[in-house]
Amino acid sequence: MTEARVFQPTLTICTSANEVAIAAAKTFADAIRQNPKTVLGLATGGTPIATYQELIRMHKEDGLSFQSVTTFNLDEYIGLSADHPKSYRMFMQQELFDHIDIAPQNTYVPDGLADDVVAFSKAYESMIQDSGGIDLQLLGIGSNGHIAFNEPGTSAQSRTRKIGLADETIKNNARFFEHLNDVPTTAITMGVGTILEAKRIVLLATGESKADAIRCAVGGKVDPECPASFLQTHPDVTLIVDKAAAAGL
Ligand code: F6R
């Protein structure tokens, strides 16, 4: 097997989490203005909320239109229906889609209730390809270095599939649920291979809890134990981080 080529990601270090959101939203808005039919890959979790708020503001105040945009979300918890208050579909409706002019049929989030996850995952990959592929992918990063729900040990070639969540991920995500036991233990996630097919990737990280993950993502070698380090094999990755998340670099 030949070693994958390694690139240096572009690193933007901002003074605050708010600045991260403004820089990220500008990148997404510029892409949409340049190509109104752009296909976006989107993430959930705490990190992108401020970016989504800024995009909503740009829609309301600056006329940014999402009318022809298509979106694919990275992941969804298995067992949660689209209308479950803690599902990622619901998160996207509440944090972004309900506040902008995107066509509902152009927003794709994996189906947490799919009867046949293997068939669903294959169909999700086909839908991404049929849309022309993801132009711009937004990512967060887990404190264990995961991207989407590709936990440590994931291969670079992995595709959309069912995955068991790492204990650290379950603990981190418990803040969105009432009890630790309510956090689903499995999810459908785009694979690392799926993510690396996006034309451009923007990863956001804020806060000191992400400093180790950012260091292993860009400051070390490519290693399946830190799935974000596979981003070093993609030629167009931008990291937008605050000072706290950059502290280990
Ligand atoms: C979310 C996702 C995850 C999160 C990561 C960080 O769709 O795929 O990889 O980006 O767990 O989550 P937060 O932003 O809550 O720290």
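Q: What makes the side chain of Thr194 and the backbone nitrogen of Gly191 a polar contact in this predicted model?
A: A polar atom of the Thr194 side chain lies 3.1 Å from the backbone nitrogen of Gly191. A polar contact is a pair of N or O atoms within 3.5 Å, one able to donate a hydrogen and the other to accept it, so a pair at 3.1 Å falls within that distance.

Q: Where does Thr194 lie, and why is Thr194 called buried?
A: Thr194 lies in helix α6, which covers residues 192-196. Its relative accessible area is 6%, and because buried means under 20%, Thr194 is given that label.

Q: Which residues does Thr194 touch, leaving aside those up to four places away in sequence?
A: With those residues not counted, Thr194 touches Glu125, Ile128, Ser158, Arg159 and Thr160, where touching means that heavy atoms come within 4.5 Å.

Q: Why is Asp223 called partly exposed rather than buried or exposed?
A: The relative accessibility of Asp223 is 25%. Buried would need a value under 20% and exposed a value over 50%, so Asp223, at 25%, counts as partly exposed.

Q: Where is Asp223 found, and what lies 2.9 Å from a polar atom of its side chain?
A: Asp223 is found in the loop between α7 (211-218) and β10 (237-242), and the backbone nitrogen of Glu225 lies 2.9 Å from a polar atom of the Asp223 side chain.

Q: What is noted about the phi of Ala148, and is Ala148 buried or exposed?
A: Ala148 has a positive phi of about 50° although it is not a glycine, and its place is in the loop between β6 (136-139) and β7 (161-164). Its relative accessible area is 8%, which is under 20%, so Ala148 counts as buried.

Q: How many helices and strands are there in the chain, and why is the chain called as compact as a globular protein of its length?
A: The chain has seven helices and ten strands. Its radius of gyration is 17 Å, close to the 18 Å that the globule rule gives for 249 residues, so the chain is as compact as a globular protein of that length.

Q: How much of the chain counts as buried, and how much area does the chain expose?
A: Of the 249 residues, 52% count as buried, while the chain exposes about 11400 Å², with carbon and sulfur atoms supplying 50% of that area.

Note on methods:
Residues are numbered from 1 along each chain as its sequence is written. This is a predicted model: local features need pLDDT of at least 70, side-chain atom pairs count only at pLDDT 80 or more; totals for chains, interfaces and linings use all residues. Side-chain values use heavy atoms; hydrogens and water are left out. Helices (H or I, at least four residues) and strands (E, at least two) are DSSP runs, numbered from the N terminus. The radius of gyration is taken over C-alpha atoms; the globule rule is 2.2 Å times the number of residues to the power 0.38. Buried means under 20% relative accessible area, exposed over 50%, partly exposed in between (1.4 Å probe, protein chains only). Accessible areas come from the Shrake-Rupley method with a 1.4 Å probe; for residues, only the protein chains shown count as cover.
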